Amino acid sequence: SWGGSPLWLAPPPKELASGSWPPCCTRCGAARIFEMQVLPTLAARLQKVLPEGAPGLASEWGTIAIYTCSKDCTSEEVSEEFV
């Protein structure tokens, strides 16, 4: 659900516990909250289903956490999210 917590593979950044991370929304200034995460198993799955084998996905990473505006501010312009 929106505003949950990511599953960290290592201790999360110190800034997360202090409240200084992630930065506030650049559009309205509201706090950002956790929306979704991408786990490394996605790369392995894509390598199996893509015909070329997805050579660019061979890098090592633990998790990608995506944070969005807690006020869900909207605009006709592209909105910046924090990854």
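Reader: What makes E2 largely enclosed by the rest of the structure?

Author: 5 of the 6 residues of E2 fall under the buried cut-off, so the strand is largely enclosed. In the protein, buried residues make up 19% of the 83 residues.

Reader: How do you know which elements are there, and in what order do they run?

Author: Helices (H or I, at least four residues) and strands (E, at least two) are DSSP runs, numbered from the N terminus. That gives 2 helices and 2 strands, in the order α-β-α-β.

Reader: Why are E1 and E2 called paired?

Author: Two strands pair if DSSP finds at least two bridges between them. E1 and E2 have 6 bridges, in the antiparallel sense, so they qualify. Within that pairing, Val38 stands opposite Ile64 in E2.

Reader: What makes the link between Gln37 and Thr63 a polar contact?

Author: A polar contact is a pair of N or O atoms within 3.5 Å; within protein, one must be able to donate a hydrogen and the other to accept it, and residues adjacent in sequence count only if both atoms are side-chain atoms. The side chains of Gln37 and Thr63 come to 2.5 Å, so the pair passes. A polar atom of the Gln37 side chain also lies 2.8 Å from the backbone nitrogen of Leu7. Gln37 itself sits in strand E1 (residues 32-38).

Reader: Which residues does Gln37 touch?

Author: Contact means heavy atoms within 4.5 Å. Leaving out residues up to four places away in sequence, Gln37 touches Pro6, Leu7, Thr63, Ile64 and Ala65.

Reader: How do you know how far to trust each element?

Author: Look at pLDDT, the predictor's confidence in each residue, from 0 to 100. The protein averages 80, and 88% of the residues score at least 70. Among the elements, E1 has the highest mean (89) and helix H2 (residues 41-49) the lowest (76). Where pLDDT is low, the predicted coordinates should not be read in detail.

Reader: What is the peptide bond from Trp21 to Pro22, cis or trans?

Author: Cis, with omega near -5°. Pro22 is in the loop between helix H1 (14-18) and E1.

Notes: Residues are numbered from 1 along each chain as its sequence is written. Side-chain values use heavy atoms; hydrogens and water are left out. Buried means under 20% relative accessible area, exposed over 50%, partly exposed in between (1.4 Å probe, protein chains only).
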